[in-house]
Each structure stands twice: as structure tokens, then as C-alpha cells.
Amino acid sequence: MAPKAMRLAGAVLAAALAGLSLPALAQVEVRMWTLLSGGDGARMRALVERFNASQREVRVVSTTLKWGEPFYTKLITSSVVGAGPDLATVHLSRIVNLAGGGVLRPIAPFELSGADLSDTDFYPRQWKKSVYEGRIYAVPIDLHPLVLYYNKTLVGRAGLLDAEGELKPIEGIDSLTNAFRAVRQATGRPGMTMESSQSSYAVWRLWISMLAQQGVPLIRDGKFAYGAAGEASLARIAGWFQQGYAQSGLDYAASTSQFMGGNAGFMINGVWEVPEVVRATRQGTLGFDYGIVPLPKMYGNASVWADSHAFAIPANEGNPMPPAKVKAVMRFIAFVSKNSFGWAEGGHVVAYKPVAESEQARSLMPNALYAGVADHVVYDPDAWYMGAAGPLQAMASKFLPAALSSQLTPKEALGMFETEAARLLRKRPPRY
């Protein structure tokens, strides 16, 4: 063919190809279920949006479900029938239940490393809690412990602040009780507030902390083992309410409102309330200066209850996840881990060490006031019936608050709790 003819043929071919729409690579969609609401929900949505905007290969679609048992019931049933999401946010305290029950799919080491993640990137305590029977079932996001908030105005009137305007050290259960009493006597307002209505979880979290500080196990060899220490600890908490240092019967919203309204000297709550006190301070609506310290050392050590949010992959029985989808899921998990400073602004201690140990995170206030708490956290004991909104917590929240309102004595409350919970300790772990 003559050169001119070849050039003409080439031009015709190029024009023809230009008119064709070559198929683009298919975008992988990752469906995520989350129980995160409020400020945490907003922060996770922001991370999803940032991830989706950062690339075009993967798109995460997030659905928020009701916190607690409704979420876990739906996750369990959907995964068992192979219709669950591709990814879920769970509590590490539920890993024994979810992994042991066949609800979650293990994450292989090569899948983790393929996303440029390693077990050494995370704090050992959180990573250990993510492993069940030697296999990885979750990637930790954070750590959220109990802390002690205080109103500097009320606490200052009680003489509990030092020359710098910070809370004087409180050590020992008697010292903590005396601090609550001092605020009540000096101001006429409650010395402390915490949720205390029936179905409240705060008393369980505080009680678990007190047992751990005494080195007393909750359960040993399939039986409750807290004994006299457990009864005495619950009696101490109940005494704060019975002596008028705290108001009984408040649900979560009422107890936090009592502190935020300037009507309680101290508040025992989780770090998840940090964003609210920060927001109110910035807007000038808080009405007082606040401080935060780790939960005081009441007994022999500084142990404190905590839980962690984590990412996990549902097993979806009979519907295994294709490798390309696994890679997409892990890519999103890695993105959140490496961009988790915003999560720290929600009050949490992030689990990804390169972020947690960055200068930016170390200097973040008020988080820096309780950063050391990560060295002392304790989770619910490992058992299928334990964990966030799990059956044992539900039973405890049914009976333990009654001791705070004097409806039951501490001995009666624990006796009724043990009687109802005994069947759980005897029951074989379920395989869903």
C-alpha cells in the first residue's frame, strides 16, 4: 500500500476508535454498617467522604444502625445467612462472641500487610483483644475509657484545686468520697453525677474498674469470683447516692445535662463526652472552666474500664468475599487508621500508634490531660456473653442501679444479678 493510502487508512481507523467508548474499570463498592451515632457518627461519615474523594477505585457506602443489641442482633443474623455488609464497626469487647460464633471472617496477615498495616502499628493491649484463638478478627480504631470530669468553679469552692487551678491529686476511695462530700457541703449542689437509672451501664463500668484496681476477678473457672470485694465496692458507689452526694435515677442524658449545666462538681463518664464540653466552651455556653483527669486510683492500682471500636469483616456464610473486595475493604481500613487524628478530636485515644504518638496528637487538648490512661485500661473479661450491650451487661444494668436508689441493698442487687446470670455462665458458647 502506498504511504499516502496507509496514512488515510490509519486516520480512518483512529476516527473509528475514537467513536468507541472503551469500558472503564469497575468501581468496587464496600457496604459498611456502623453503630456510631452523634459526634462519632459524624466523624466516621467525614472519613468515608474523604476516602471516597481521594480515589475512584473504591466507594464506601455507610449505613448507621441503632446502637447496642439491635445492631449486634442484625449483624449476627445477616452474616449467618450470607446477607451481611462487607465491613462493620464493632466493639472489641464483643470479639469472643462474634468471632467464636462464626459471625466474623478472620483477616489474614498477608491481607493486613497488603494494606501497609502491621500488628506493631497498634497498641499491644488493643491488638491482643483483636485476636481470637490465634487469628486476627478486627483492626482497632480507638480506646475509650472512663475518666473524671470536674467543674473548676464548684470544685474550687470546695478547696480541691491547687495553685495552678488544677485538681489536687485524689488517691484512695476515701479521698474520692471526701471530694464529693466537700463539693456538696461547700456549694449545696451534687458532688458527683453519673447515669444511674435502670438499664444504665455506668455503674457496671465503674464497678468493673474497682474490682480490677483490687486485683479481684469478676469470673474464675466459670463462676462469679468477686465475693466480698464486689459487694463492698457496690456499697461504696451506692453510698455516694444514699448520702446525698449524687442524685439517683438519672438517665444518661439527664446526668450529662446536670454536669453541663453547672450543677455537679464531678462527672464520671467516658471520653466520648469530650467533644460536647469542647464545643460548649468554644461557643461560650458551658458557663464554667472544666478539667479532666483519669479515673482516680481508688485501691491498689489505676485500672480503669475501657472498650474500643474496631473494624471487622462479617463472615457472610456461603457468600465469601472476593479478593478484590477484601483488598478494597483493607484499603479503607488503612486510610482511616492513617487519618485518625480527627477521630482523636472526638475524645478517643486512637489505636494507630503513628498517629497517636505524633506531636499533633500528643499536644491535643483536653486529650493530653488523660493520655496516660491507655496504660491502665481493662476490658470486660473474655467470654461469649460479655461485652458492649452483651447479655451479662444487660443483666447487670437491670439490677445494679437499684442499689444506688436504695430499692435493693448491694447484697440483694448482686444476688439477683448472679441468679439470673448463672445460666449464661453454664451455657455453651453459641455457634450462630
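Guide: Axes are lines fitted to C-alpha atoms, for helices over the stretch in contact, and angles run from 0 to 180 degrees between N-to-C directions. Helices are DSSP runs (H or I, at least four residues), strands too (E, at least two), numbered from the N terminus. This is a predicted model: local features need pLDDT of at least 70, side-chain atom pairs count only at pLDDT 80 or more, and totals for chains, interfaces and linings use all residues. Residues are numbered from 1 along each chain as its sequence is written, and side-chain values use heavy atoms, without hydrogens and water.

Visitor: At what angle do helix 17 and helix 19 pack?

Guide: About 160°, with axes 9 Å apart; helix 17 is residues 391-399 and helix 19 is 410-426. That makes the pair roughly antiparallel (over 145 degrees).

Visitor: Which residues of helix 17 make the contact?

Guide: Pro391, Leu392, Met395, Ala396, Lys398 and Phe399. Contact means heavy atoms within 4.5 Å.

Visitor: New topic. Where is Asn316, and is it buried or exposed?

Guide: Asn316 sits in the loop between strand 15 (309-314) and helix 13 (323-338). It counts as buried, because its relative accessibility is 6% (buried is under 20%, exposed over 50%, partly exposed in between, with a 1.4 Å probe and protein chains only). Its phi is positive, about 50°, although Asn316 is not a glycine.

Visitor: And what about the phi of Ser406?

Guide: Near 65°, also positive in a non-glycine residue. Ser406 lies in the loop between helix 18 (401-404) and helix 19. At 48% relative accessibility, Ser406 is partly exposed.

Visitor: Which residues does the cis peptide bond join?

Guide: Met365 and Pro366, with omega about 5°.

Terms used:
Parallel < 35°, antiparallel > 145°, perpendicular 65-115°, else oblique.
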